[in-house]
Amino acid sequence: MGLFDFFKKKPAAPKVVVEVLYPQTWENSEAPVEPTVLAAEVLQPTPGEAVEIQVPSHIAAEDVAPVAEVVETVETETETETETETETETETETAVTSETNLDEGLTKTRKTWSERWNAFMANFRSVDEDFFEELEETLIGADVGAQTALQLTDELRNEVKLQNAKSKADISRVIIDKLVEHYRSQGVNEDASMHFAPEGPTVILFVGVNGVGKTTTIGKMSARYKAEGKQVVLAAADTFRAGATQQLQAWGERNGIPVVAGAANADPASVVYDGVKTAIETNADILFVDTAGRLQNNVNLMQELAKMKRIITRELPNEPQEVLLALDATTGQNALQQARLFKDSTDVTGIVLTKLDGTAKGGIILPIRNELHLPVKWVGLGEQVGDLQPFDADDFAKSLFGSLLIGDDK
């Protein structure tokens with residue numbers, strides 16, 4: 001241990017023996033049998049206090065670093081580390097408020113649509129049956145679903161004839177216009193707003209298979225509503241998935257929101273009951289309920305959800321106001337199948353489409369609205385709290401199809 005290391009380390013006792021390890025010039029070029037030692041009287045290193053050291057005569061004074069400089073160096077390093085940590089924390093806090101707009105979030109989906117569409121139109125020769133068969137295949141490849149693709153193709157047959165479109169530009173414009181019109185027509189009489197109880201707590205029940213982002217979405221949405229001045233409570237009713245309760249509790253701690261939880265493998269309905277009671281007693285505005293999602297046990301899962309709803313309704317007759325189904329946009333047609341199963345088994349009021357920014361399969365929104373007539377209420381466009389945003393159908397259509405129309409005009 002060198003002198004510099006010695007002064008950085010807090011001494012365990014007032015008297016220490018320091019062995020000199022750095023090279024020295026010995027008489028007759030031979031090291032003594034016994035190692036040279038020096039005695040040091042050690043005081044707690046603090047600025048402005050010197051430490052007396054008796055240094056052997058053969059060690060030059062300039063070889064020993066002044067104590068004040070050592071202490072100052074340590075303090076400077078500590079201050080630098082503290083400043084770096086503070087800057088990192090500040091950057092993290094700032095990042096939470098950032099938002100990804102819809103146009104940026106749909107980059108991958110829009111690119112896929114454009115590439116498929118341009119490849120399809122590049123092979124255009126004439127408007128015949130082969131043309132419409134290729135159009136149907138292109139739409140299916142863009143994750144609009146077989147049923148929706150077949151319906152759109154039939155409508156486009158008539159539309160192309162009706163408008164007497166023959167050139168590539170005219171046909172492209174007619175088809176894209178029809179896609180936009182068809183998409184927007186599915187939103188007629190669609191209620192994509194969030195509903196809240198006129199008085200007492202509003203219960204928002206989240207359902208969906210494991211891994212789609214239910215818990216993360218609850219964390220983001222609860223933070224959003226708390227920032228709007230709402231008093232929020234979370235209920236961790238997914239008691240079967242390892243780490244689900246801890247994950248929700250972490251979100252609660254981060255956002256300063258109370259979390260009602262039970263023991264591992266506890267009855268989820270009992271957690272829901274405790275959550276409802278807590279929301280009523282604390283005059284909370286919103287209670288978010290996280291649930292398990294195991295489609296391999298579909299019957300048991302749906303019975304469990306039905307039991308939760310009965311308990312909620314018994315305490316709050318008009319609840320839950322919302323049953324939101326979380327779907328992972330990256331799974332494409334699998335998300336559509338999940339939506340069918342949950343819709344047939346429980347009263348889903350809306351869809352939360354997560355991870356939309358990380359997939360080229362955003363076209364799945366079309367068959368969800370067309371075949372299931374379920375409103376998409378929220379979309380996840382990134383990792384931050386602000387990246388969970390209310391869904392706007394017109395903005396989505398413009399962002400997804402707009403570039404195709406612009407490109408065709410050129």
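1. Basis. Local features need pLDDT of at least 70 in this predicted model, side-chain atom pairs count only at pLDDT 80 or more, and totals for chains, interfaces and linings use all residues. Residues are numbered from 1 along each chain as its sequence is written, and side-chain values use heavy atoms, with hydrogens and water left out.

2. Eight strands make up an open, mixed sheet, ordered 5-4-6-3-7-8-9-10. Strands here are DSSP runs of E with at least two residues, helices are runs of H or I with at least four, and both are numbered from the N terminus; two strands pair if DSSP finds at least two bridges between them. Strand 5 (259-260) and strand 10 (388-390) are at the edges; each has a single partner strand, so one side of each lacks a neighbour in the sheet.

3. Strand 3. Strand 3 (residues 202-207) runs parallel to strand 7 (residues 322-328), joined by four bridges, and V207 has L325 as its bridge partner in strand 7. Strand 3 also pairs with strand 6 in the parallel sense, again over four bridges; there the bridge partner of L205 is V289.

4. Cover of strand 3. In a regular strand the side chains alternate between the two faces of the sheet. In strand 3, T202, I204 and F206 on one side and V203, L205 and V207 on the other are all buried, where buried means under 20% relative accessible area, exposed over 50% and partly exposed in between (1.4 Å probe, protein chains only).

5. T291. This residue lies in the loop between strand 6 (286-290) and helix 11 (298-315). T291 counts as buried because its relative accessibility is 0%. Its side chain reaches the backbone oxygen of F206 at 2.6 Å. Beyond its neighbours within four places in sequence, T291 is in contact (heavy atoms within 4.5 Å) with residues including L205, F206, V207, L305 and M308.

6. Cavities. The whole structure holds two cavities of 30 Å³ or more. A cavity is a set of points on a 1 Å grid over the protein atoms alone where a 1.4 Å probe fits but cannot get out; lining residues have an atom within 4 Å of a point.

7. Lining. W113, R116, W117, T138, L139 and A142 line the largest cavity. Helix 4 (107-122) and helix 5 (129-141) each give two or more residues to this lining, with the largest share, three residues, from helix 4.

Definitions and conventions. 1 Å grid on protein atoms, 1.4 Å probe; cavity = no way out; pocket = protein on both sides within 12 Å on 5 of 7 lines; lining within 4 Å. Points joined across faces, edges and corners; volume = space filled by probe spheres on them. Polar contact = N/O pair within 3.5 Å; in protein donor to acceptor, adjacent residues only side chain to side chain.
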